[in-house]
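Okay, thanks for coming, everyone.

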Amino acid sequence: MREIIEEFTKISKANGYKNKHIYYAINILSYLVKLSIKEGIDPLNLENKANYLATLERAIKQVDDPLDKAVVEALATYDYLYCKPFVQQFYQSLIDNKQIIATKETNSLWKNGDHLAKVYELAYKILDDGSSGEILLDCCAANDMFLRHGEGKYQLCGFAPNDLATILTTAQLKISDLNSDIKEVDIVLDEYDGRYDLIFGDMHNFAYDQKSCPFNEDIFMQSMTVWQNIYHLFSLLSAQGKMVFFVSWVALDHLKGLNIRKELLAAKAIEKVILLPQEAAMDQRFDCALLVFSHGNDDVTFIDARKDDIISALQSPIKKTLKADKVTSLNVF
């Protein structure tokens with residue numbers, strides 16, 4: 001399997017495609033392969049755009065599962081996948097060898113993807129602590145990297161920032177036979193509501209103007225809105241629920257979020273602040289953290305795991321516990 005992925009990646013790069021586009025292509029192709037192998041859908045022709053769309057339209061008529069039908073229809077409308085003879089060869093080789101590629105096998109194509117997967121795994125472990133939650137929400141879904149940990153245990157929901165992320169996350173979860181309800185919602189710009197038992201958010205995925213805002217400035221820009229959105233999402237959390245957010249260190253004490261942090265501390269909403277190794281950050285010049293929220297926290301636990309393995313962060317010996325009404329900054333180390 002690794003050799004197949006590496007060869008396709010090599011050829012794709014030689015044709016000018018970037019890692020994230022290769023990641024998208026592999027996972028969309030793997031989803032289409034799954035439909036052929038497990039659902040009996042006729043193989044598609046990916047040698048050019050016209051053939052691809054024609055065979056995709058035929059596939060729509062063959063699909064019975066409503067969620068699969070919605071994904072295939074969305075693929076036809078979005079028309080993302082690049083169509084080349086080498087793509088057809090890769091796709092057919094997967095069908096011939098009955099190979100379906102899960103996204104965990106392509107994490108390395110993301111910048112910092114393997115470390116990011118560890119952060120998401122840790123976030124899920126914090127949420128999945130025996131609580132009675134039924135609805136698991138990824139409010140910044142850009143792929144299935146977080147939600148796939150649900151493994152059918154929860155009702156999987158997601159807010160995705162654009163139509164491609166909506167299609168991709170749904171398709172990736174279907175590869176693992178997991179149904180989901182992923183909606184296109186920009187949590188910065190759109191109004192949204194609901195009630196959720198377990199919530200996760202990667203606040204590095206906020207919308208921003210990439211052309212006018214270099215990444216180091218973007219971290220500061222994001223911290224101006226992160227607390228407004230955390231506050232709103234906390235209002236959607238069920239009484240026994242829990243939520244975790246992955247943020248840059250700037251969000252811990254940025255002045256733009258001061259009043260909201262005070263309100264959340266007064267409401268006893270902040271449970272833990274976990275500083276993670278820089279290798280986990282989107283920009284590895286900066287520290288990052290996991291923020292844990294729930295109801296009824298008289299105390300706030302601070303964990304400095306910057307020198308730890310990400311997965312063992314909760315066992316870090318460097319801890320401080322402060323009364324919520326005594327906390328003046330979330331950056332205590």
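So, helix 1 and helix 5: they count as roughly antiparallel to each other, because an angle over 145 degrees gets that label. Here the axes of helix 1, residues 2–14, and helix 5 cross at roughly 170 degrees and come within 11 Å. On the helix 1 side the contact is made by Ile 4, Phe 8, Ile 11 and Ser 12, and on the helix 5 side by Phe 86, Val 87, Phe 90 and Leu 94. Sort those residues by class and you get 7 nonpolar, 1 polar and no charged. Oh, and before I go on, please remember this is a predicted model.

Now stay with helix 5, residues 85–96, and bring in helix 2, residues 19–39. How far apart are the axes of helix 2 and helix 5? They are 9 Å apart, and the helices pack at an angle of about 45 degrees. That makes helix 2 and helix 5 oblique to each other, and helix 2 passes helix 5 in a right-handed crossing. From helix 2 you have Ile 26, Leu 29, Leu 32, Val 33, Ser 36 and Ile 37, and they meet Val 87, Phe 90, Tyr 91, Leu 94 and Ile 95 in helix 5. The tally for this contact is 10 nonpolar, 1 polar and no charged residues.

Next pair: helix 4, residues 66–78, and helix 7, residues 163–175. Their axes come within 10 Å and cross at roughly 140 degrees, so we call helix 4 and helix 7 oblique to each other. The crossing of helix 4 past helix 7 is left-handed. Helix 4 puts in Leu 67, Asp 68, Val 71, Ala 74, Leu 75 and Tyr 78, while helix 7 brings Asp 163, Leu 164, Ile 167, Thr 170, Ala 171 and Lys 174. By class that contact splits into 8 nonpolar, 1 polar and 3 charged.

And what does Asp 68 pair with? It forms a salt bridge with Lys 174, and the closest N and O atoms are 3.6 Å apart. Since Asp 68 sits in helix 4 and Lys 174 in helix 7, this pair ties together parts that are 106 residues apart in sequence. For the whole model, the count comes to 15 salt bridges.

Asp 138 stands opposite Gly 158 in strand 2.

Definitions and conventions. Residues numbered from 1 in each chain as written. Predicted model: local features only at pLDDT ≥ 70, side-chain atom pairs only at ≥ 80, totals over all residues. Heavy atoms only, no water. Axes fitted to C-alpha atoms, helices over the stretch in contact; angles between N-to-C directions. Helix = DSSP H or I, 4+ residues; strand = E, 2+ residues; numbered from the N terminus. Parallel < 35°, antiparallel > 145°, perpendicular 65-115°, else oblique. Left-handed = near helix turned anticlockwise from the far one by under 90°. Contact = heavy atoms within 4.5 Å. Nonpolar A, V, L, I, M, F, W, Y, C, P; charged D, E, K, R; others polar. Pairing = 2+ DSSP bridges. Salt bridge = Lys/Arg side-chain N within 4 Å of Asp/Glu carboxyl O.
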